[in-house]
Amino acid sequence: MSEFWLISAPGDKENLQALERMNTVTSKSNLSYNTKFSIPDFKVGTLDSLVGLSDELGKLDTFAESLIKRMAQSVVEVMEDAKGKVQENLLANGGLKEKMKCLKIDLTSFVTHFEWDMAKYPVKQPLVGVADTLTKQLSQIEMDLKSRTAAYDTLRLSLENLEKKSTGNLFTRTLSDIVNKEDFVLDSEYLITLLVIVPKQSYTQWQKTYESLSDMVVPRSTKLIAEDSEGGLFTVTLFRKVMDDFKTKAKENKFTVREFYYDEKEIKREREEMTRLLSDKKQQYGPLLRWLKVNFSEAFIAWIHIKALRVFVESVLSSPGSCHKALTWFSAPVPPPCGCRGLVPTQIRSECSSASCPSISEACDGRNGGVGGRWLCSS
């Protein structure tokens with residue numbers, strides 16, 4: 001994935017000269033592709049309010065990133081059977097231009113063509129008000145995410161638990177989807193049908209000996225009804241009063257009697273429960289995925305607005321008297337010389353000073369017509 005840096009650079013009103021100088025310096029070593037990242041004029045307020053807002057925006061930035069990652073993970077979990085299509089569902093609304101409003105574009109394109117949404121986040125209100133709007137929006141999305149995914153996860157886990165019962169070997173798995181009513185002697189006062197697991201190499205031995213393992217075993221009553229890689233499940237019918245003796249003799253011959261009581265109502269209930277859960281999951285899948293797609297886009301867009309706010313506030317605090325009207329979204333295809341990992345449209349973790357980036361210091365400290373200012377990058 002591409003790395004991205006936001007760089008604030010004081011200079012002329014449009015800052016075009018600063019961008020040109022940045023392009024000149026970074027193109028020498030093919031360090032990056034630079035595009036203009038426009039931020040509107042905000043009501044700055046007092047320095048005290050900016051200092052407090054700087055701390056709040058840092059927390060909000062972290063919260064937004066965490067929320068976006070959780071939503072992306074939820075999309076992966078919901079699309080468990082189509083994980084190859086996850087990326088095409090993690091998109092952002094196309095932008096503010098009329099011809100792009102209805103389009104969904106990849107996240108990199110959205111970032112590099114970012115425009116401040118004046119309708120959602122009016123710049124005429126104080127910066128604290130803009131931050132409050134973003135906080136409320138993301139908090140509501142998080143609340144909805146928790147409630148919607150909790151319901152789906154409960155359903156998914158219930159289904160997984162039922163499905164697990166149908167996996168494993170004959171010793172552990174449920175038998176309700178294997179046996180049939182016809183396999184058993186039911187409602188008899190004297191007779192009972194047992195299920196016996198026989199190792200594959202002992203099939204012949206079982207056929208020759210099962211009738212003599214105990215008295216009162218019904219001749220020719222055994223039938224193979226299921227197999228796995230280790231053995232087979234056989235039925236055998238005998239008189240109830242010799243059941244304990246038969247179990248003991250079977251164990252001595254390495255045949256395992258599987259405890260099972262055929263309850264037609266219980267088996268029917270399990271099958272109906274599986275059908276219901278599959279149906280409920282299918283019904284919830286579409287609405288949940290649509291909600292995740294729409295709100296992932298909303299959360300990501302809000303996050304980039306938070307990035308813009310953070311850079312604006314930090315720029316004003318670092319150089320109160322400078323003009324920081326234009327910013328650049330800096331996409332770094334190779335690691336910068338200072339050893340700082342760039343933003344992966346993720347978080348602004350720390351600040352690189354110009355002193356730590358010697359090979360691009362001309363762009364950092366203003367020498368030879370370079371661009372002064374603040375580099376925001378991840379640690």
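**How high is the mean pLDDT of the protein, and what share of its residues reach 70 or more?** The mean is 79, and 79% of the residues reach 70 or more; pLDDT is the predictor's confidence in each residue, from 0 to 100. This is a predicted model, in which local features need pLDDT of at least 70 and side-chain atom pairs count only at pLDDT 80 or more, while totals for chains, interfaces and linings use all residues. Residues are numbered from 1 along each chain as its sequence is written, and side-chain values use heavy atoms, with hydrogens and water left out.

**View 1. Four strands form an open sheet.** Welcome to the sheet, where the strand order is E6-E7-E5-E8 and the pairing is antiparallel. Strands (E, at least two residues) and helices (H or I, at least four residues) are DSSP runs, numbered from the N terminus, and two strands pair if DSSP finds at least two bridges between them. At the edges lie strand E6 (223-227) and strand E8 (256-258), each pairing on one side only. From one strand to the next, the twist averages 35°.

**View 2. Strand E5 meets strand E7.** Here residues 191-199 (E5) and residues 231-239 (E7) pair in the antiparallel sense over nine bridges. To find your way, look for Leu194, whose bridge partner in E7 is Val236.

**View 3. Helix H4 packs with helix H7.** The axes of H4 (residues 127-165) and H7 (residues 264-318) come within 9 Å and cross at roughly 155°. That makes H4 roughly antiparallel to H7. Axes are lines fitted to C-alpha atoms, for helices over the stretch in contact, and angles run from 0 to 180 degrees between N-to-C directions; under 35 degrees counts as roughly parallel, over 145 as roughly antiparallel, 65 to 115 as roughly perpendicular and the rest as oblique. The residues of this contact divide into 25 nonpolar, five polar and seven charged.

**View 4. Helix H2 also packs with H7.** The axes of H2 (residues 47-78) and H7 come within 8 Å, crossing at roughly 155°. H2 and H7 are therefore roughly antiparallel to each other. Their contact has 27 nonpolar, four polar and five charged residues.

**View 5. H2 packs with H4.** The angle is about 25°, and the axes are 10 Å apart. That makes H2 roughly parallel to H4. By class, this contact holds 17 nonpolar, four polar and six charged residues. Ala, Val, Leu, Ile, Met, Phe, Trp, Tyr, Cys and Pro count as nonpolar, Asp, Glu, Lys and Arg as charged, and the others, Gly among them, as polar.

**View 6. Over residues 324-328, pLDDT stays under 50.** For these residues the model has 28 contacts (heavy atoms within 4.5 Å) beyond four places in sequence. Residues 332-379 also have pLDDT below 50, with 127 contacts in the model beyond near neighbours in sequence. Where pLDDT is low, the predicted coordinates should not be read in detail.
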